[in-house]
Amino acid sequence: MSLEAHQTVPTPSASEAESAFKEWLRRLVRGTAELRAFDAGEIDAVMDPSSGNAILLHPARVALQRSSRLLLNAVDALPCEICVLDSDGTVVMTNQAWRAYVSAHAGRGLAVRDGLNVFAACSQVPPGERASAAAVAAGLRLVLNGKSELVRCEYVHGSPRGQRSFTLAIAGVRTDGSLHAILTREHVSEGASPRLAVRADRADAKRIPATGLADVPNRLLAALPSSQRARLLDGLESVTLHYGEVLNEPGEAIRHVHFPSDCLVSLLTVVEGHRALEVGLVGPEGLVGSRLALGLNTSPIRALVQGTGTALRMTAARFLQELQRNTELRAAVLRFADSLMGQISRTPACNRFHMIEARLARWLLMTRERMPSAQFRLTQEFLADMLGVRRVSVTSAAGALQRRKLIHYRRGIITILDQKGLEAASCSRYRHVRLAAMALT
Amino acid sequence: MARKRAKAHAAVPPVTTVVTLCLYIAGGAPNSVKAIANLEAICQRYLKGGYKLEVVDVCEHPLRALSDRVVVTPSLTKLSSGVPANVIGNLSDTGSVLAILGLCAAELP
């Protein structure tokens, strides 16, 4: 007998075991349907009345083990960092990305290893992380006590490249009667300056349900026909965005699109070794993530919240579906993307040829256009970052505009006193952008 | 008398029969996954909305399966209207499933 034949014929012991199993099954069952299904290989498990358990048949057991391994490999392959905690807050599983993070940030940013307890880790963080860690511990308790299904906490910690911040999402999952928590890191911002770090007081921040689109403040959504607008309601949720929060990092996949309601988002180019430079501004007239409509799912720029407020957001996958079936939405988003590209393309010329005073006036007008009030909070340091100049240059330019009684500036609060005068003082980029914005509506 | 009964019968509003089914499975094992997919396809095609389906995972609820006298999985049991009946296996035989549902494939659209 050849070796191949040996491999295909069951060994006597396997054959005997199968016969014995079938005999046992014959005694258990009343009819022949079960035996026929067994012979056809259509049975996964048999109930054992003596032990009260389900006995998985070998093929089913192998298939389940294989699917468990596949699941673990799939979790490992995900680029986002994932950590699973048991009901005591002890780490029971992590994925490859989380383990890589632990290796790179040992002792910082709640880099907890398998088997360690997150509550214990929160109480042993360096002094600079205590507020963030306390917020995480409070949020984790809410989830593990079953009082909240999802909590997001902001976390700020030191890193070799400066300040690092991220959002820690803690979701509860109930399996076999016990509650586990899944931790994922979102919106990781490496090297952000401390003043751009998100506040750590959002431990109890929860998703706010979208209440309706009848009075939606976002002008792009409001301009859609009511029938198409109503269909969007399902996929939109209202979120509060805080000053300094990063919605997208360069090169990262766009996970959500945001339709600002009463907040402002700056679009910044990040050049290694230099400060970020603002190239665009998005407010209630548009959305952040319009590149998805162009078939591009990553962002080349950083989207930074610079005016705290609310926005409606939708997952990227859902947004792509809506774009396919909602022609009005697609047209509106493409018009906005075109106007935004115009805004971004004029920036280099503006920075090269226009005086700082004119650029500051333009920036203040663009902000005013998108905010409900003529008074807003802006530090000189922030303005210097936005305009890509030194802080002293902003002081000088703001002083000049104030002397001309166009603005009032005191302790980070800017008030526009003379809109028309400021328009006259602004650079031509503002007029171009305004014309483009008017063409959208 | 017969006419009276006929009138009374006509006055009764039409009743939609809802079939209650219980499918016992073993987690994500191959035959169990197939059984769910096959049964859902059959129900959607032949019963439209007129059915209630409960899926019981015997790995999670073994005592429930034993008390319902289930010996092997996948196993489909009809709980309502008429004589209780069951089908064993991955439900790829549509005729057997329709038979316990009290339906005949030839009479259906």
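**Exercise 1. Salt bridges**

Task: State how many salt bridges a search of the whole structure finds over all chains, and examine the one formed by Arg313(A).

Solution. 
Step 1. The structure is a predicted model.
Step 2. The partner of Arg313(A) is Glu237(A), and their closest N and O atoms are 2.8 Å apart. This is to be compared with the cut-off for a salt bridge, which is within 4 Å.
Step 3. Locate both residues: Arg313(A) belongs to strand β14 (residues 309-315) of chain A, and Glu237(A) to strand β8 (residues 237-241) of chain A, so the pair ties together parts that are 76 residues apart in sequence.

**Exercise 2. The interface of chains A and B**

Task: Describe the contact between chain B and chain A in terms of residues, buried area and polar pairs.

Solution. 
Step 1. Count the residues: 24 residues of chain B are in contact with 24 residues of chain A.
Step 2. Consider the area. The two chains bury about 1,700 Å² between them, and 64% of it lies on carbon and sulfur atoms. On the side of chain B, the residues that lose the most area to chain A are Leu66(B), Val71(B) and Ile88(B), which together account for 31% of what that side buries.
Step 3. Identify the elements. Those of chain B that give two or more residues to this side are α2 (30-47), α3 (62-67) and β3 (72-73). The largest share, four residues, comes from α3(B).
Step 4. Classify the residues: the side of chain B that touches chain A has 15 nonpolar, seven polar and two charged residues.

**Exercise 3. Backbone features of chain B**

Task: Which loops of chain B hold Arg69(B) and Pro74(B)?

Solution. 
Step 1. Arg69(B) is found in the loop between α3 and β3 of chain B. Although Arg69(B) is not a glycine, its phi is positive, at about 60°.
Step 2. Pro74(B) is placed in the loop between β3 and β4 (75-78) of chain B. The peptide bond that joins Thr73(B) and Pro74(B) is cis, with omega about 0°.

**Exercise 4. Helix packing in chain A**

Task: Characterise how α10(A) packs with α11(A), α14(A) with α15(A), and α13(A) with α14(A).

Solution. 
Step 1. Helix α10 (residues 316-325) and helix α11 (residues 327-345) of chain A have axes 5 Å apart and pack at an angle of about 110°. That makes α10(A) roughly perpendicular to α11(A). Among the residues that make the contact are Phe319(A) and Leu323(A) of α10(A), and Leu329(A) and Val333(A) of α11(A). By class, there are four nonpolar, two polar and three charged residues.
Step 2. For helix α14 (residues 380-387) and helix α15 (residues 391-403) of chain A, the axes come within 8 Å and cross at roughly 105°. The two helices are therefore roughly perpendicular to each other. Their contact has three nonpolar, two polar and two charged residues.
Step 3. Helix α13 (residues 356-370) of chain A packs with α14(A) at an angle of about 105°, the axes being 11 Å apart. α13(A) and α14(A) are therefore roughly perpendicular to each other. Arg359(A), Leu360(A), Arg362(A) and Trp363(A) in α13(A) meet Phe382(A), Leu383(A), Met386(A) and Leu387(A) in α14(A). This contact has six nonpolar, no polar and two charged residues.

Notes. Residues are numbered from 1 along each chain as its sequence is written. Chains are lettered from A and ligands numbered from 1 in the order in which they are written. This is a predicted model: local features need pLDDT of at least 70, side-chain atom pairs count only at pLDDT 80 or more; totals for chains, interfaces and linings use all residues. Side-chain values use heavy atoms; hydrogens and water are left out. Axes are lines fitted to C-alpha atoms, for helices over the stretch in contact, and angles run from 0 to 180 degrees between N-to-C directions. Angles under 35 degrees count as roughly parallel, over 145 as roughly antiparallel, 65 to 115 as roughly perpendicular and the rest as oblique. Contact means heavy atoms within 4.5 Å. Ala, Val, Leu, Ile, Met, Phe, Trp, Tyr, Cys and Pro count as nonpolar, Asp, Glu, Lys and Arg as charged, and the others, Gly among them, as polar. Buried area is the accessible area (1.4 Å probe) that two parts lose on being put together, summed over both. A polar contact is a pair of N or O atoms within 3.5 Å; within protein, one must be able to donate a hydrogen and the other to accept it, and residues adjacent in sequence count only if both atoms are side-chain atoms. A salt bridge is a side-chain nitrogen of Lys or Arg within 4 Å of a carboxyl oxygen of Asp or Glu.
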